[in-house]
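Please consult the sequence and the model shown below.

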Amino acid sequence: MRKVELYRFSLPMEAGVILRNQRLKTRDGLLVCLTENGKQGWGEISPLPEFSEETLEEAEAATLGWLHSWVNGEQAFESALPSVAFGLSCAMGELSGFLPQKADYRKAPLCNGDPDELFAVLGAMPGEKVAKVKVGLYEAVRDGMIVNLLLEAIPDLKLRLDANRSWTRAKADGFAKYVQPQFRDRIQFLEEPCKTRDESRDFSRETGIAIAWDESVREADFEVEAEPGVAAIVIKPTLVGSIQRCHMLIDQAHKAGLMAVISSSIETSLGLTQLARMAAWLTPDTIPGLDTLSLMQSQLVRPWPDSELPVLDVDALEVVWRR
Ligand SMILES: O=C(O)CCC(=O)c1ccccc1C(=O)O
Ligand SMILES: [Mg+2]
């Protein structure tokens, strides 16, 4: 006997969370719960505005379509919509047990511009110290100074930087010029410095700063391959697709000698804890990029360890469909 519950959620965000061109006031999505043979599997389907191609309405329609087939005995669960493929594969992964329980709750702390906040967090971070700093939002000179400041102050710190394709070559070079040469190899990578992949490759070749692909991984013509200067690929499962697809990309990255970093698309605590489980299983040697829970005002159903945010229970959610 198979049972299905589909819920809709809308969690308030902290003030001032901006995604590309819009303010994100609430994080909206779907939770699915599959039951079979007394076992349950949960999944979160939450397309990210400005990043996902699909809308929540499209994701809901596709999810309902698949859920109808599943209660009638269907097994396969691929979807062309990445958020749907990810959420349903998590639910199936819990039901069948292929998604292991063990989680890696480490996360590379995110710094959006104020280095003082980061000092406290990094001081308390056990083991390997890695932080992620968004660059390209202000002047390249300021970005360079912050990078120097952090790397100078914390000798065992490594940084991941993310420019989200915001720089021209000239701006990117401006940034590189301000980073002290002896610090460059403590930049684990700089995600997508320039508008095009070719410009980013040239930047890396000329500055010696390693780069990583993030947006590129989701483009149709992208192939995972070893290239000079490329250190990593960033995998955001809600934007990429099923656990199986992410697993394949991670295997390809590791075979090419690249680091694969499982990262957040601002999922709720339920999705984030599943990403932490994927990270423990598929990228055990790499700290995942999951420091986004504090952008929200509450957690959902499953808490993240040590978070003090209130946890919204499933009973408080609107039921979309139940069978
Ligand atoms: O990668 C991380 O460490 C955190 C997640 C993150 O930065 C992010 C989250 C949602 C959408 C885009 C991005 C991004 O990498 O720019
Ligand atoms: Mg990025």
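## Ligand surroundings

Ligand 1 has 13 residues around it, of which Lys-132, Lys-134, Asp-162, Asn-164 and Lys-236 come nearest (a residue is near if one of its heavy atoms lies within 4 Å). This shell comprises six charged, four polar and three nonpolar residues; Asp, Glu, Lys and Arg count as charged, Ala, Val, Leu, Ile, Met, Phe, Trp, Tyr, Cys and Pro as nonpolar, and the others, Gly among them, as polar.

The model is predicted: local features need pLDDT of at least 70 and side-chain atom pairs 80 or more, whereas totals for chains, interfaces and linings use all residues. Residues are numbered from 1 along each chain as its sequence is written, ligands are numbered from 1 and chains lettered from A in the order written, and side-chain values use heavy atoms, without hydrogens and water.

Oxygen atoms of ligand 1 lie 2.7 Å from a polar side-chain atom of Lys-132 and 2.8 Å from a side-chain N or O atom of Lys-236. Gly-289 places a backbone N or O atom 3.5 Å from a ligand oxygen. On its own, ligand 1 has 380 Å² of accessible area, of which the protein covers 95% (Shrake-Rupley method, 1.4 Å probe).

## Helix packing

Helix 3 (residues 115-123) packs on helix 4 (residues 140-153) at about 25°, with axes 11 Å apart. The two are therefore roughly parallel (angles under 35 degrees).

For helix 5 (residues 169-178) and helix 6 (residues 197-207), the angle is about 30° and the axes are 10 Å apart. Helix 5 is thus roughly parallel to helix 6.

Note on methods. A polar contact is a pair of N or O atoms within 3.5 Å; within protein, one must be able to donate a hydrogen and the other to accept it, and residues adjacent in sequence count only if both atoms are side-chain atoms. Axes are lines fitted to C-alpha atoms, for helices over the stretch in contact, and angles run from 0 to 180 degrees between N-to-C directions. Helices (H or I, at least four residues) and strands (E, at least two) are DSSP runs, numbered from the N terminus. Angles under 35 degrees count as roughly parallel, over 145 as roughly antiparallel, 65 to 115 as roughly perpendicular and the rest as oblique.
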